[in-house]
Amino acid sequence: MSILFLKNEKIFALHTKKTTYEMQVDELGRLRHLYYGRRVSGSLSHLYQPADYGFSPNPYEKRLQTGYSLDTMPQEYPGCNQGDFRVSALVPRAGDGSCGADFCYKSHEILEGKYTVEGMPSAFARENEAQTLIVKLADPAAGLELTLYYGVFEERDMITRAARIKNIGGQELTLEKAASACLDVPFGDWELLHFHGRHLMERQMERIPVMHGIQTISSRRGASSHHHNPFLILAEHETTEEYGDCCGVMLVYSGSYRLDVEKDQSGSVRVVMGIHDEMFRWPLTPGESFQTPEVLLTFSHEGLETLSQNYHRFIRKNICRSRWTEKKRPVLINNWEATYFDFDTDKIISIARDASALGVDLLVLDDGWFGGRNSDHQGLGDWVVNEEKLPGGLNRLIEEVNRLGMRFGLWIEPEMVNEDSDLYRAPPDWALTLPGKAPTMGRDQLVLDMSRPEVVEYLYERIGALLRNHRIDYIKWDMNRNMTDVYSRTLPAQNQGQVFHRYIRGVYDLLERLTGQFPEVLFEGCAGAGDLTPRCSLIFRRSGAAMIQTRSSA
């Protein structure tokens with residue numbers, strides 16, 4: 001059994017091959033974190049003796065006692081405004097303007113297999129590969145139920161986490177922050193490893209001491225982006241590639257995110273990870289729930305190399321779900337730098353002929369094959385073949401490429417639109433723009449409002465028609481700007497704080513539908529593709545084809 005519940009001590013012990021994760025329901029019903037690290041047996045609750053820190057308040061039940069404070073207690077999922085002054089995981093606002101949450105244990109269940117996450121990428125388990133722990137907590141006064149999910153993959157040394165917040169009260173409330181997980185690390189001398197960068201220089205590692213105070217790694221771009229990766233490592237000062245303790249925290253989410261690392265007055269370190277709370281507001285009517293993205297946790301006492309290998313194996317075996325997962329990628333040639341927008345069928349066939357003689361597997365026709373797309377300033381969004389450039393359409397070209405023994409791929413950039421396009425002129429409110437303001441432009445492009453189902457449906461129909469009507473083996477999916485002027489014309493004022501998250505859910509929905517219907521197609525996430533390939537150069541799909549990533553815009 002990977003998951004044990006020690007009934008007398010109310011301790012949950014989650015064991016993988018080399019690690020243990022422990023938490024305990026204390027005498028007041030709070031879910032207290034005990035330990036995450038090298039595999040051990042037995043209870044570790046003795047490590048936490050009452051300690052009185054000045055100006056750390058006590059719950060009402062302990063008002064006459066010292067030494068019990070949420071401000072110093074390692075917790076599994078801290079609420080807010082109830083005596084814990086550290087980074088919170090959840091900020092709910094009631095209809096009367098009050099704000100506060102303090103959760104206590106209700107129930108739990110241990111299940112075979114792996115829980116699911118609705119509408120977002122997450123890990124999966126094969127038969128007898130994982131167990132799930134579901135812990136229900138509640139704050140009746142706040143009208144909230146909190147469900148914590150833990151997936152334990154024993155052989156992979158991986159623990160997954162996610163949360164669901166439900167309104168169980170009689171009035172609407174609004175989530176102003178809803179993190180996926182919290183990890184409190186009470187002991188150790190830790191350094192923070194994270195990966196920053198920019199376009200053409202992604203994933204630069206930086207290793208710095210964890211300081212007293214709060215260190216934040218985040219993206220507010222609507223995508224995880226080139227600039228900061230939604231992943232961090234806590235490593236002991238002496239940890240090397242082959243020696244020492246380290247803990248990895250990876251968020252399975254492609255949108256705006258935030259990872260906070262806080263070292264408190266006692267030297268304890270807290271990591272809170274999830275959707276970025278800036279411009280996030282999610283109303284919940286009675287009975288409604290909000291599902292957070294998933295987090296992957298792994299620990300190594302054998303250095304950074306083992307930790308890295310844990311993630312690589314897990315992503316290959318338990319995240320990617322397609323025929324491409326274990327296959328070698330084709331060697332391809334792309335016409336972009338050779339032709340830019342200036343090409344026709346004969347020119348592309350000439351390139352293919354030379355490439356075929358060299359043994360290249362696949363030719364990718366890049367930007368400029370559609371609509372009136374003769375420059376960066378026009379046509380984006382009009383996914384109809386330009387037969388002035390390509391007489392006879394794509395099929396003639398594809399047949400010639402196939403006759404040379406090569407497969408055929410095509411470039412698209414679905415999330416974007418030019419003002420000079422039929423798509424923009426037909427429904428201009430499909431683009432994200434602020435009322436009364438000239439929009440910010442990137443590459444003379446606007447971002448389509450993919451929080452709207454009709455936009456996703458349009459893209460699905462257009463791209464789906466291309467894949468149905470042509471023998472296309474490969475899609476190069478570009479993404480060349482981040483989100484600005486974020487405002488959806490169809491959402492009411494109180495729901496505008498949903499746009500960032502609804503947008504990325506729309507991207508996931510489009511990918512899910514396309515990769516599900518066309519599992520034989522290999523999709524490439526290009527330009528760094530922050531909204532498609534947030535980490536480890538692989539998109540986390542619920543189903544369908546794999547995606548690969550290139551480092552820079554083609």
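**A hairpin and its setting**

Reply: In strand β12, Arg207 is the bridge partner of Leu193. Strands here are DSSP runs of E with at least two residues, helices are runs of H or I with at least four, and both are numbered from the N terminus. The model is predicted, so local features need pLDDT of at least 70 and side-chain atom pairs count only at pLDDT 80 or more, while totals for chains, interfaces and linings use all residues. Residues are numbered from 1 along each chain as its sequence is written, and side-chain values use heavy atoms, with hydrogens and water left out.

Now the pairing itself. Strand β11 covers residues 190–198 and strand β12 covers residues 201–209. The two run antiparallel, joined by seven bridges. Two strands pair if DSSP finds at least two bridges between them. The hairpin has two residues between its strands. Leu200 takes a positive phi there, near 75°. Most residues other than glycine have a negative phi.

Two other residues also have a positive phi. Phe55 is not a glycine, yet its phi is about 65°. Phe55 sits in the loop between β4 (31–38) and β5 (90–94). Phe55 counts as exposed because its relative accessibility is 85%. Exposed means over 50% relative accessible area, buried under 20%, and partly exposed in between, with a 1.4 Å probe and protein chains only. Asn81 lies in the loop between β4 and β5. Its phi is about 60°, and Asn81 is not a glycine either. At 59% relative accessibility, Asn81 is exposed too.

For a contrast, take His501. His501 belongs to helix α7, residues 499–517. His501 is buried, because its relative accessible area is 2%. Beyond its neighbours within four places in sequence, His501 contacts Met120, Tyr253, Ile275, Trp282 and Phe290. Contact means heavy atoms within 4.5 Å. Trp282 is 219 residues from His501 along the chain, and their C-alpha atoms are 9.6 Å apart.

Finally, the whole chain. The protein chain has seven helices and 28 strands. Buried residues make up 60% of its 554 residues. Among contacts between residues at least 6 apart in sequence, 69% join residues at least 24 apart. The C-alpha trace spans about 85 × 55 × 40 Å along its principal axes.
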